[in-house]
Amino acid sequence: MKANKTASEVASEVASFDLVAPDVFAPKKPRRRTAGGAKAMVAGVEAPILTEEDQQALAEALSSEDLARFYLTNEKEAQHFFQRSRDLFDEGTSIIHIDEELLLKKSSERVRYVRPLKLLQRQIHNTLLFVARPHMTSQDIFSVSLDYLSWSVEHNHNDTSYLKESVEEMQQSLMQISSNGRWFSTQILQDVMIDGKTLYYKIPPLLKKLNSAPERYYHVSLRMNARFRSKYAHAMYELLRENLWKHETGEMPLQEFRERMGIEDNEYQEFKRLSARVIVPALAELEEVSDYCATPKYITHGRKIVAINFLIRENAKNQLSVNTEGNLDLERFTILREELGISGPQIRELTRNHRLKRIEEVTDVLYFRYILKKKRVRKGLSLVVNALNDTEDKYFLTSSEKTELAAHREKKRQASQEAEIVKLASDNRRSALDRFKDWWPSVPEDKQLDIWGLFLKDEISLAVIRSKRLKSSTVDISHPLVSSAFLAFVARVGLIPE
């Protein structure tokens with residue numbers, strides 16, 4: 001679905017949107033990576049890092065837990081699920097009747113809402129996160145067509161006025177999170193604009209950081225997200241999904257349970273009303289429409305109920321009936337789609353008619369014979385179908401071919417990891433460098449000298465210090481490697497203001 005105006009035209013008209021709003025439905029061309037050694041940024045200018053020892057020192061200086069968490073967050077997973085949702089939307093398949101799961105990864109936090117969200121707002125919020133997830137770390141503005149948004153929450157696509165009202169109320173709701181001695185409060189949604197049939201929006205930076213690299217997370221099914229009829233059943237579903245791994249929620253004080261359900265302080269203060277209006281109806285709806293349901297276990301103090309624990313179980317009647325061997329893995333799906341030119345709906349039809357193990361075997365054979373050997377592919381679907389229906393054992397790999405394919409995959413996997421680490425390191429350093437350039441000139445000279453002295457004593461920086469013979473009497477960060485190491489040091493010890 002295209003907007004009535006281009007993203008750049010929209011951005012120029014709306015002053016609060018300081019970046020061009022990208023069209024997340026447009027296909028993305030992969031960036032070409034330039035050859036050559038590592039680069040360091042000094043005063044906005046790229047300079048080469050000359051030796052292997054220099055590169056090793058810089059790599060060690062740039063390593064951090066934040067980078068590891070970013071790396072472990074797989075944006076390719078988000079891209080995969082989003083693209084499959086686009087296929088289903090284009091087909092006209094109802095979101096609640098799809099025969100596969102579209103999963104949203106969400107940060108696991110104890111959240112308190114000021115002006116809790118209504119049902120449609122909770123559903124819309126999940127969709128907006130789902131659309132943004134593939135580009136959460138690289139974009140500031142996201143866009144989605146109103147038709148797709150309506151489809152994703154099973155809402156009447158002609159009732160745009162109610163969507164606008166819901167989005168407006170979302171902007172007035174605050175999300176508050178307490179974790180490890182930290183507390184923050186933020187809007188759920190920032191700047192929003194509807195232009196024609198397209199919604200442009202910003203996600204607050206704190207929520208972007210939480211959801212782009214969550215330390216703890218769970219998955220929400222968009223199929224289930226659209227099914228619920230009450231906000232309490234929806235909230236209960238997310239509570240169950242968050243704790244699915246341990247098969248119970250654990251004992252929650254009633255106040256925590258009320259916060260998780262989005263219950264106002266003046267609502268259902270007596271437990272019997274809380275049970276009658278929230279707990280019992282929500283569990284009944286989960287039993288009817290959800291893939292997971294629960295049994296409550298009440299914890300008492302004397303005769304008073306003080307906490308509650310939900311024991312989680314699968315609800316067989318709402319589990320998907322999929323191929324008994326599971327879902328086609330992401331690597332083979334990508335090969336069929338990107339390399340052999342088979343559409344998402346066609347791939348799903350193949351998985352309904354053939355064993356997944358056989359599809360994987362055939363995909364490997366065709367990848368080896370055509371893609372790896374750089375042989376032109378004509379009519380990829382016919383090629384795959386013929387191979388799947390082969391009765392003469394023409395499509396198999398010898399032991400040596402399997403070894404060659406395994407080595408190719410490992411080399412490709414390592415190259416992908418290295419490229420991702422370089423990109424994430426570059427993004428992290430760019431942000432730190434901007435903050436450093438604002439902060440460092442404001443530091444008094446005597447304080448700069450003190451920080452320089454700490455840097456010279458830092459063990460991680462010793463390789464740089466020895467190679468450049470740095471002195472303690474003067475601050476000298478003119479060399480690209482010294483600048484990189486010094487920036488990494490002050491960032492690591494927390495001297496650069498956030």
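Biologist: What makes the crossing of α11 and α12 left-handed?
Modeller: A crossing is left-handed if the near helix is turned anticlockwise from the far one by less than a right angle, and right-handed if clockwise; that of α11 and α12 is left-handed. This is a predicted model, where local features need pLDDT of at least 70, side-chain atom pairs count only at pLDDT 80 or more, and totals for chains, interfaces and linings use all residues. Residues are numbered from 1 along each chain as its sequence is written, and side-chain values use heavy atoms, without hydrogens and water.

Biologist: At what angle do helix α11 and helix α12 pack?
Modeller: Helix α11 (residues 254–261) and helix α12 (residues 271–289) pack at about 30°, with axes 13 Å apart. Angles under 35 degrees count as roughly parallel, over 145 as roughly antiparallel, 65 to 115 as roughly perpendicular and the rest as oblique, so α11 is roughly parallel to α12.

Biologist: Why is the pair Tyr 148 and Trp 151 called tilted?
Modeller: Rings of Phe, Tyr and Trp (its six-membered ring) pair if their centres lie within 6.5 Å; planes under 30 degrees apart count as stacked, over 60 as edge-to-face and the rest as tilted. Here the centres are 5.5 Å apart and the planes at 45°, so the pair is tilted.

Biologist: Why is Phe 436 with Phe 486 called edge-to-face?
Modeller: Their planes stand at 80°, with centres 6.1 Å apart, so the pair is edge-to-face.

Biologist: How do you know that Phe 436 is buried?
Modeller: Buried means under 20% relative accessible area, exposed over 50%, partly exposed in between (1.4 Å probe, protein chains only). Phe 436 has 8%, so Phe 436 is buried; Phe 486, at 1%, is buried too.

Conventions:
Axes fitted to C-alpha atoms, helices over the stretch in contact; angles between N-to-C directions. Helix = DSSP H or I, 4+ residues; strand = E, 2+ residues; numbered from the N terminus.
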